[in-house]
Structure formats: C-alpha cells, structure tokens
Amino acid sequence: MKTEASFSRASLTRVQSLAPGVLICALIALAAQFLSEHYGSPAMLMALLLGMTMNFVQEEPSRAAAGVGFSAKVILRIAVALLGARIGFDAFVDLGWPVVLLVVSGLLATLVFGYAVARLLGRGWRLAILTAGAVSICGASAAMAIAAVLPKNEFSERNLGFTVFSVTLLSTLAMIGYPLLASVLNFDQMQSGIFLGATIHDVAQVVGAGFGVSDATGETATTVKLIRVSMLAPFVLLLTLALRGAHETSDGQAKRPPLIPGFVLAFLLLVIANSFGLLPAAVQSAAVFLSKWAMLTAIAAVGVKTELRKFREIPPQSVALIVLETGFIACFAITWLKLS
C-alpha cells in the first residue's frame with residue numbers, strides 16, 4: 001500500500017509540475033487554430049510565432065519550463081506516431097509505383113543536394129539533414145521528428161525553430177504560386193496534382209493548392225502528399241541506425257540512440273493497422289484529430305523555447321540552403337513529369 005501511495009504522490013507531483021507549461025502550449029495552439037480558421041493564416045506558422053512571443057514564461061525561475069520541454073519532446077512524439085493513422089497502402093496502389101519512385105528519388109536527391117550545398121555554404125550536416133528532410137517529406141512535422149533523433153548541439157533549438165518557420169512560410173508561398181506554375185507548364189489535372197503533392201512541404205497547403213485547382217487535382221495532390229508523409233518513419237529509422245555508434249559521450253563510452261524509436265514503431269504499426277482495415281472509423285478520426293492538436297502544441301512549445309535574439313543570429317547561408325532545396329525539389333518534379 002505504501003508503494004502504491006508513494007507512486008500516486010509521485011505521479012501527482014509530476015502532473016502538477018508539467019501542467020502549467022503544457023497548458024500554456026495548448027492555449028497557444030488554440031489561438032493559432034483560431035487565427036487559421038478566421039484569417040486564413042497557416043496554423044503551424046501562427047503556433048510558432050505566438051510561441052516565440054511567450055519565451056519569457058520559461059525563464060528561470062519558471063513553473064512552466066518542465067511542461068514546455070515535455071510538450072516539445074513527448075507530445076511531439078505522440079503527434080508523429082498518430083500520423084500513421086492517416087496513411088494506408090492503398091495510396092501506393094491508387095497512383096502506382098512510378099509516383100512512389102518519384103517521391104523516393106526526390107527525397108534521396110534532395111538529401112544529396114542539400115548536403116552538397118550545405119558543405120559549399122559552410123553549414124553543418126545536422127542542418128543539411130534537418131532542412132532537406134523537412135523539404136522532401138512533410139515540412140514542419142518532418143522537421144520535428146528528425147530533430148528528435150539528431151544529436152543535439154548549441155544550435156539545435158535555433159535551427160529547428162528556423163526550419164519550422166521556413167518550410168511553413170515557403171509552403172504558403174508555394175500554395176499560391178505553384179498552381180499558377182502548373183498552368184504555365186501546361187500540366188493536366190493529374191500532372192498538376194502530382195506536382196503539387198510532390199513539392200509543397202506541408203499537408204494543409206497541399207490540400208489548399210490542389211483543391212483550389214479542381215477536385216481531381218486536390219485528390220491526387222493529397223494522395224501523393226500522404227505517400228511522402230509515409231516516408232517519414234523509414235527515414236527517421238534509417239537515420240537513427242546511421243547515427244548509432246557515432247554518438248559518444250566525452251568519456252568515450254557509447255551513448256547510442258535506441259535501435260527503433262518508440263514513436264517510429266507506433267507510426268508503422270498504425271499504418272499497418274489502417275492498411276488492413278483494423279482501425280475503426282471513429283478511432284482513425286480520433287487519432288487524426290489528436291495528432292493535429294498534439295503537433296500544434298509541440299510546435300508552440302518549440303516557439304516558446306526559441307529566443308528571438310538567437311533567431312536573428314541565423315546566417316543568410318542557412319536561409320539560402322532551405323530556399324535552394326525547395327527550388328531543387330520543384331525542378332526535380334517538373335523534370336520528372338516532363339520526361340515521363
């Protein structure tokens with residue numbers, strides 16, 4: 001009984017320590033969604049910006065710091081895991097393997113391009129992987145998942161905030177400009193959908209751009225985008241495996257990341273369950289709903305943890321890197337569609 005009572009007290013103390021920070025991040029997420037629904041602004045961008053204005057809440061001494069850190073780490077992993085409920089193998093079948101090959105080759109090519117350009121611009125490999133992964137997979141969601149397994153350094157939080165901000169802003173610009181570009185290139189509805197789904201970073205902007213052209217284009221774009229999202233778990237898993245053995249403590253003892261991160265395994269299990277129709281419609285809807293709000297809360301936490309002073313210190317080479325990666329994947333998709 002004593003053990004159970006001690007466990008209960010410890011759990012209650014833990015909840016009380018986390019509650020202020022988590023509630024602050026959740027309120028920021030609500031405000032961001034309100035702005036998105038009433039003024040058309042991207043919810044993720046609003047969550048990040050509003051969070052940055054609240055950086056003071058985690059200054060020492062702070063009751064919110066623990067909850068903010070929990071939101072940026074644990075709630076993030078929950079959000080990424082629940083993304084798997086949106087994906088099924090039928091998306092691959094509907095569009096065929098040539099589109100899957102386009103998505104996979106676009107990811108690999110953007111990674112190689114990003115790493116090469118980062119070296120030329122004097123940027124580190126962590127930023128190259130973070131930005132190229134975000135650009136080629138699913139924007140802010142990918143940036144958050146990739147950052148969760150990358151080894152940390154003094155620039156990690158700043159680079160994550162910058163990447164989330166940049167891919168969301170670039171996605172918004174692409175949502176406006178890419179449908180016009182598809183028209184100039186004389187793409188039909190199917191080609192336009194593939195182009196939009198294969199190049200725009202965030203899911204919401206893909207939906208906005210695709211259905212802004214036509215229902216058929218919107219359906220194709222959304223399906224292609226979901227195929228890109230499905231690349232997130234394999235990419236993070238392979239990245240984790242590549243980093244094992246390379247991450248060591250200062251005393252030389254190995255400090256390896258887990259073989260399969262728990263949130264990646266949960267993501268894959270949900271994809272499999274959804275593909276075989278094992279998820280009831282109500283459960284799937286609940287998982288998608290929770291994923292959306294958990295991701296907004298986690299991005300709000302990243303904003304709170306980001307100091308504007310450090311954000312202003314981002315070198316122009318980093319900006320050039322992510323803009324060039326965005327341009328590269330667009331050119332890659334255009335070339336693929338013109339040659340196919």
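Modeller: Let us begin with a definition: helices (H or I, at least four residues) and strands (E, at least two) are DSSP runs, numbered from the N terminus. This is a predicted model, in which local features need pLDDT of at least 70 and side-chain atom pairs count only at pLDDT 80 or more, while totals for chains, interfaces and linings use all residues. Residues are numbered from 1 along each chain as its sequence is written, and side-chain values use heavy atoms, with hydrogens and water left out.

Biologist: Which residue with positive phi follows helix 13?

Modeller: Helix 13 is followed by G277, with a phi near 70 degrees.

Biologist: How far apart are the end C-alpha atoms of helix 13?

Modeller: They are 20 Å apart. The expected span is 1.5 Å times one less than the number of residues, so the 14 residues of helix 13 (residues 262–275) should span 20 Å, which agrees.

Biologist: Which residues of helix 13 are buried?

Modeller: Buried means under 20% relative accessible area, exposed over 50%, and partly exposed in between (1.4 Å probe, protein chains only). In helix 13 the buried residues are F263, V264, F267, L270, V271, A273 and N274. An α-helix has 3.6 residues a turn, so residues three or four places apart point the same way.

Biologist: What do those buried residues pack against?

Modeller: Their partners are helix 3 (65–82), helix 7 (139–149), helix 11 (215–230), helix 12 (232–243) and helix 14 (281–305). Contact means heavy atoms within 4.5 Å.

Biologist: Turning to helix 7, is S141 buried or exposed?

Modeller: S141, which lies in helix 7, is buried, because its relative accessible area is 9%. Not counting residues up to four places away in sequence, S141 touches M44, V80, L83 and M295.

Biologist: New topic: how many cavities of 30 Å³ or more are there?

Modeller: The search of the whole structure finds 1. On a 1 Å grid over the protein atoms alone, a cavity is a set of points where a 1.4 Å probe fits but cannot get out; lining residues have an atom within 4 Å of a point. Grid points are joined across faces, edges and corners, and a volume is the space filled by probe spheres set on the points. The largest cavity holds about 50 Å³.

Biologist: Which residues line the largest cavity?

Modeller: The lining consists of L102, V103, G106, L107, S136, A198, R228, I329, F332 and A333. Helix 5 supplies the largest share, 4 residues.

How values were computed
1 Å grid on protein atoms, 1.4 Å probe; cavity = no way out; pocket = protein on both sides within 12 Å on 5 of 7 lines; lining within 4 Å.
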